[in-house]
Amino acid sequence: MNSIRVISILVTGFLYLVFQVLVLKNLVLFGSAFCFLYVTYIVLLPIDLKTIPTLLISFFLGMGVDLFYDTLGIHTAALLVIGFIRHRWLLVLVPPGGYDDDLQPSLLNMGFGWFLSYSIPLVLIHHTLFFYIESLGTDLFFTSLQKIIASVIFVLVMSIIVQLLLYRRRRGI
């Protein structure tokens with residue numbers, strides 16, 4: 001991994017953090033759909049990025065969000081789980097020819113079906129952990145379930161919009 005790529009990854013992460021904190025912090029649809037778009041950054045990290053750097057990026061991004069949301073580590077905990085699971089989930093979804101080096105698992109690079117089968121479980125796990133840690137148990141099960149489902153749909157739609165507007169295709173088919 002060259003230094004330009006590392007700087008690009010770090011700058012993109014900082015931009016996701018700033019956008020989450022300044023724009024999306026108070027964006028809630030119908031009182032139950034929260035837009036945690038920063039999860040998309042971890043989902044879209046390059047495929048060849050190993051688990052330890054992903055965990056470090058997840059930790060610092062989660063701490064940055066927690067710092068501005070006053071959530072005492074809930075975002076960090078949920079994002080660390082996603083950073084840990086991500087590499088193993090990519091190994092489950094390996095296509096027959098394998099992955100290209102330096103490939104980003106985006107909608108434009110991998111296709112709509114593959115991207116949804118990759119991102120939905122990760123975003124669902126993140127939101128499930130986040131909302132159940134936030135409610136401190138299962139007392140508010142149906143309320144938390146409603147928030148999870150609405151937020152997952154909202155984040156996935158926003159993720160697709162962001163990818164279509166800002167990301168470029170990296171390989172030719």
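How are α1 and α3 oriented to each other, roughly parallel or roughly antiparallel?

The model is predicted, so to speak of local features a pLDDT of at least 70 is needed, side-chain atom pairs count only at pLDDT 80 or more, and totals for chains, interfaces and linings use all residues. Residues are numbered from 1 along each chain as its sequence is written, and side-chain values use heavy atoms, with hydrogens and water left out.

## Helix pairs

Two packed helices are described by the angle between their axes and the distance between the axes. Helices here are DSSP runs (H or I, at least four residues), numbered from the N terminus, and their axes are lines fitted to C-alpha atoms over the stretch in contact, with angles from 0 to 180 degrees between N-to-C directions. Angles under 35 degrees count as roughly parallel, over 145 as roughly antiparallel, 65 to 115 as roughly perpendicular and the rest as oblique.

Helix α1 (residues 3–22) and helix α3 (residues 51–69) have axes that come within 10 Å and cross at roughly 20 degrees, and α1 and α3 are therefore roughly parallel to each other. Their contact (heavy atoms within 4.5 Å) involves Ile9, Gly13, Leu17, Gln20 and Val21 of α1, together with Ile57, Leu61, Gly64, Val65, Phe68 and Tyr69 of α3. By class, these residues comprise eight nonpolar, three polar and no charged, where Ala, Val, Leu, Ile, Met, Phe, Trp, Tyr, Cys and Pro count as nonpolar, Asp, Glu, Lys and Arg as charged, and the others, Gly among them, as polar.

The axes of α3 and helix α4 (residues 74–92) come within 8 Å and cross at roughly 160 degrees, which makes α3 roughly antiparallel to α4. On the α3 side the contact includes Thr51, Leu55 and Asp66, and on the α4 side it includes His75, Leu79 and Arg86; the residues of this contact divide into 10 nonpolar, eight polar and three charged.

Helix α4 also packs with α6, at an angle of about 150 degrees and with the axes 9 Å apart, and α4 and α6 are therefore roughly antiparallel to each other. Among the residues that meet are Trp89 and Leu90 in α4, and Trp114 and Phe130 in α6, and the contact as a whole has 17 nonpolar, three polar and two charged residues.

## Empty spaces

Rolling a probe the size of a water molecule over the atoms shows where empty space is left. On a 1 Å grid over the protein atoms alone, a cavity is a set of points where a 1.4 Å probe fits but cannot get out, whereas a pocket is an open set with protein on both sides within 12 Å along at least five of seven lines, and lining residues have an atom within 4 Å of a point. Grid points are joined across faces, edges and corners, and a volume is the space filled by probe spheres set on the points.

| Space | Volume | Residue classes of the lining |
|---|---|---|
| Second largest pocket | about 160 Å³ | eight nonpolar, one polar, no charged |
| Largest cavity | about 40 Å³ | six nonpolar, three polar, no charged |

The second largest pocket is lined by Leu10, Gly13, Phe14, Leu17, Tyr41, Leu56, Ile57, Phe60 and Leu61, and the elements that give two or more residues to this lining are α1 and α3. The count of cavities of 30 Å³ or more comes to one. Residues lining the largest cavity include Val39, Phe115 and Leu156, and α2 (38–43), α6 (112–134) and α7 (141–166) each supply at least two residues of that lining.
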